[in-house]
Amino acid sequence: RFNVDLDTGGGSIRVAPISGNVRADTSGGSIEIGAVTGGDVEVDTSGGSIDIADVQGNVLADTSGGTITIGNVSGNVEADTSGGRIRIGDVGGDILADTSGGSIEGGSSGGRVELDTSGGSIRAGWAEGPLVADTSGGNINLEGSAMRVEADTSGGNIGIDRIGDNR
């Protein structure tokens, strides 16, 4: 098991599949992380996209200027971008995703889901916990929640497949 802590002021970061924790920070490039087993991933970039394969742990991803793509995650996911779309696979825990300029697409979740975008559509799979989706300019399509659904759009349609135990 290895832990990596990477920091660069002006370039991209790429990490091959690894067993352990990954922390990566760059001020001027994209970040690509291969599959991670037995560890958490924390990545931050001021100027690029983030691409993370499947993770057996938690994921924290933050970018000021690009898209975020995350595979399946066994723990919790927190993803935040100021300028791009977010795509997340199936997640064992909670999903918190926020973008100021793109769509959000999330898989199923074993916990609560909060999705917020200022300029795009939202699509999400089934949530075992509460599901909250908010967009200022797009459609919302949700598979549903075992607990509660809140959906708000200022300029689009809302579709919810099912709520409660009606799976």
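Threonine 45 touches Thr26, Gly29, Ile31, Ile50, Asp62, Thr63 and Ser64, with residues up to four places away in sequence not counted. The model is predicted. This briefing covers threonine 45, then threonine 63, which is among its contacts, and then leucine 60, found like threonine 63 in strand E9.

Threonine 45
- Strand E7, residues 41–45, holds threonine 45.
- Threonine 45 has a relative accessibility of 0%, so it counts as buried.
- From its side chain to the backbone oxygen of threonine 26 is 3.5 Å.

Threonine 63
- Threonine 63 belongs to strand E9, which covers residues 59–63.
- Its relative accessible area is 0%, and threonine 63 is therefore buried.
- A polar atom of the threonine 63 side chain lies 3.5 Å from the backbone oxygen of threonine 45.
- With neighbours within four places in sequence left aside, the contacts of threonine 63 are Thr45, Gly48, Ile50, Ile68, Asp80, Thr81 and Ser82.
- Ile50 is in contact with threonine 63 and is also touched by threonine 45.

Leucine 60
- Leucine 60 is located in strand E9.
- Leucine 60 counts as partly exposed because its relative accessibility is 33%, a value between the limits of 20% and 50%.
- Apart from neighbours within four places in sequence, leucine 60 is in contact with Val41, Glu42, Val43 and Glu78.
- Leucine 60 and leucine 96 are 36 residues apart along the chain, and 9.6 Å separates their C-alpha atoms.

Notes
Residues numbered from 1 in each chain as written. Predicted model: local features only at pLDDT ≥ 70, side-chain atom pairs only at ≥ 80, totals over all residues. Heavy atoms only, no water. Helix = DSSP H or I, 4+ residues; strand = E, 2+ residues; numbered from the N terminus. Buried < 20%, exposed > 50% of the residue type's maximum accessible area, 1.4 Å probe, protein only. Polar contact = N/O pair within 3.5 Å; in protein donor to acceptor, adjacent residues only side chain to side chain. Contact = heavy atoms within 4.5 Å.
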